[in-house]
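Hi,

Here is the structure I promised to pass on. Have a look, and my notes follow below.

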Amino acid sequence: MNAVLWILQIVLAVFCFTGGAYKVFMFHEVASEAWYGALPRLVWGALGVFEIVCGLVLVVPALTRGRRELVAIAAAALMVETVALAAIYGSYSLQMRAENPLVWVLMTALLAALVAYGRYAGRR
């Protein structure tokens, strides 16, 4: 089970780190999409930084064997953030297509929930 959690954790970290970097550094490419008008650029940037930090926290404490409980906290925080983003994206489109970010945030929320539960349950 630990190997499965590690794989899910790394996949979630990559999703979050790349998604956060995209929101921070490539904002001009996606600013024309309808759902990006739902929040100001500063908020999208803050969400991007949050995702980058959480992506790092998912991997670094586990590699250094210190403060492992931060992994469960970061995963839970990402789950809350992605569910909020799903609500924003869902208000624009509910179509389940690869181009719709709703698909990706729902998948990320599921991954985050699995990692948060797995790491929290493993601590008890």
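Is Glu33 buried, partly exposed or exposed? With 35% relative accessibility, Glu33 counts as partly exposed (buried is under 20% relative accessible area, exposed over 50%, partly exposed in between, with a 1.4 Å probe and protein chains only). Glu33 sits in the loop between α2 (27-30) and α3 (41-64); helices are DSSP runs of H or I with at least four residues, numbered from the N terminus.

Before the rest, a caveat: this is a predicted model, where local features need pLDDT of at least 70 and side-chain atom pairs count only at pLDDT 80 or more, while totals for chains, interfaces and linings use all residues. Residues are numbered from 1 along each chain as its sequence is written, and side-chain values use heavy atoms, leaving out hydrogens and water.

Now Lys23, in helix α1 (residues 2-25). Lys23 counts as buried because its relative accessibility is 9%. The side chains of Lys23 and Glu51 are joined by a polar contact of 3.0 Å (a pair of N or O atoms within 3.5 Å; within protein, one must be able to donate a hydrogen and the other to accept it, and residues adjacent in sequence count only if both atoms are side-chain atoms). Beyond its neighbours within four places in sequence, Lys23 is in contact (heavy atoms within 4.5 Å) with Trp44, Gly48, Glu51, Leu85 and Tyr89.

Cheers

Key
Helix = DSSP H or I, 4+ residues; strand = E, 2+ residues; numbered from the N terminus.
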